[in-house]
Amino acid sequence: MATQLGGEDEFKTTIAEYLESLPPQFCKRVFSSPAACLAIFRLLSTIGKQLIMSMLYLDSPLKLQDVLQWARPEHQRLVRSKIHQLRKLQLLTEEKGSVLLNTIFQEQLRNALTGGGDFSSFGVPDSGARDAHITATRLSRYAGERWEAMLRFMVGRSANEAALPALSDTVQRILQSSGLMDRGPDGLRITNSGFQFLLQDSAAQVWTVLLQYLRLAEEKNMDVVEVLNLLFQLVSLQLGRAYTTAQLTANQQRMLSELREFGLVYQDDPSGQRFYPTHLVTTLASSGHARSSDNGGTGPGQSELTKSSEHGYIILETNCRIYAYTSSPLQIAILGLFVRLVSRFSNLVTGAITRDSVRQALTHGITADQIIIFLTVNAHPQMQNRTPVLPVTVTDQIRLWEQERNRLHPTGAYFYKDFEQRQGFERVFRYAQDIGVILWANTEKRQMVVTRQGHAKIAELVKGQRASSAQTPSAS
């Protein structure tokens, strides 16, 4: 056999991947909530939704071949892959060539669409007097401030800025356990994953935080099903409306108070008897993840990062000078990660990309490609009209500075050795050369290293040789 060199970290980046990892008994409890079933349905792809709706009111199994006939022959493979995804989510079962919806999910999704079943899963509106000052715009402003405070904490404070607002232990623990920040000599600092997190839209950022909260809830021995049910309930609530916490469990009320730290909910009542969901959570299952909210306000990613991609503010010259037309502390702080800032005016910041500033960013795990992508996405409209958008001399220089530091690049691979006969080695070696998967080889010692992608084909060839000859070489 072959020895794998290097590893590959797996990180569940979607709620679907998390649901796939749940045991069947947990999924049954999640599917018992109409709000959860509706939220899961809204998060499916268009083809997935169509398959679910086509079988929602069918009580008998459908032949898989009949389902595939719903699509044109050239699209049947895509439909089959979507059916496989629904099976992994335990929404669909397949047996003896027939498919059928999960009966619990089917019943509760029907209830969600027709108003039956336990409708309290969609939240119980608060019957008390509503505060007229709490509007959708105010909630949006509150959510944006809380979320931006977290992003500003991730980016860090520059020398001429006041101290950043303190974050709760829960927020800091999530940022650290998710790999968005790590602890250095001077405290928590942003990582490569953290900078990539800043480049995402607000919906993707919120999902990342919520998924990490689910893992943290498991460590705290909280009931994951209760946490999921509250999460799906929040997704289904109406923006600007007050809801009571009376029907929530102790774990769910605790979760609510912790989500408040992120700006996902707002509580004006000190006793915590009611809460207001913000657009950060109510738009998570909307089409396109609701990059722009319907409340007239702006979200965290939208107000600072997503908005900047729509209205670029950075001008980059061939001499590495940067002019950023912004007054946002968050945008300025992000630039400070890899730019030597020189001067700051009311709506303009100037600076330069230098070798030292780029190397400082590299020490935080930020890559040259991430810097280039950020500059490209946030380039001024006048620069967006150019091809390429950024000066080639600058992008090449940034990559060269990275190469100075990263002279070695780890690559996952497989090491083949101990070939008993040269004929067998040469046959495998020539085949590996033909498909372009060789990273290193020593023909005298009959050794070679192949890529992770090419290992499957090489292993198949070696197995074929073993089957045809007892003297076929082995790999270890």
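Me: Hi! At what angle do helix α3 and helix α12 pack?
Reply: Helix α3 (residues 34-43) packs on helix α12 (residues 224-236) at about 70 degrees, and their axes are 8 Å apart. This is a predicted model, where local features need pLDDT of at least 70 and side-chain atom pairs count only at pLDDT 80 or more, while totals for chains, interfaces and linings use all residues. Residues are numbered from 1 along each chain as its sequence is written, and side-chain values use heavy atoms, leaving out hydrogens and water.

Me: Thanks! How are α3 and α12 oriented to each other?
Reply: They are roughly perpendicular (65 to 115 degrees counts as that).

Me: Which residues of α3 meet α12?
Reply: Ala 35, Ala 36, Ala 39, Ile 40, Arg 42 and Leu 43 in α3 do, and their partners in α12 include Phe 232 and Val 235. Contact means heavy atoms within 4.5 Å.

Me: New topic: how many residues does the largest nonpolar core have?
Reply: That core has 120 residues, and Trp 147 and Phe 338 are among those with the most contacts inside it. A core joins buried nonpolar residues through side-chain atoms within 4.5 Å, buried being under 20% relative accessible area. Helix α11 (residues 202-219) gives the largest share, 10 residues.

Me: Which residues does the second, separate core include?
Reply: Phe 419, Val 437, Val 450 and Ile 458 are among its 14 residues.

Me: And where does Val 377 lie?
Reply: Val 377 lies in helix α18 (residues 368-377). Its relative accessibility is 38%, so Val 377 counts as partly exposed (between 20% and 50%, with a 1.4 Å probe and protein chains only).

How values were computed: Axes are lines fitted to C-alpha atoms, for helices over the stretch in contact, and angles run from 0 to 180 degrees between N-to-C directions. Helices (H or I, at least four residues) and strands (E, at least two) are DSSP runs, numbered from the N terminus. Angles under 35 degrees count as roughly parallel, over 145 as roughly antiparallel, 65 to 115 as roughly perpendicular and the rest as oblique.
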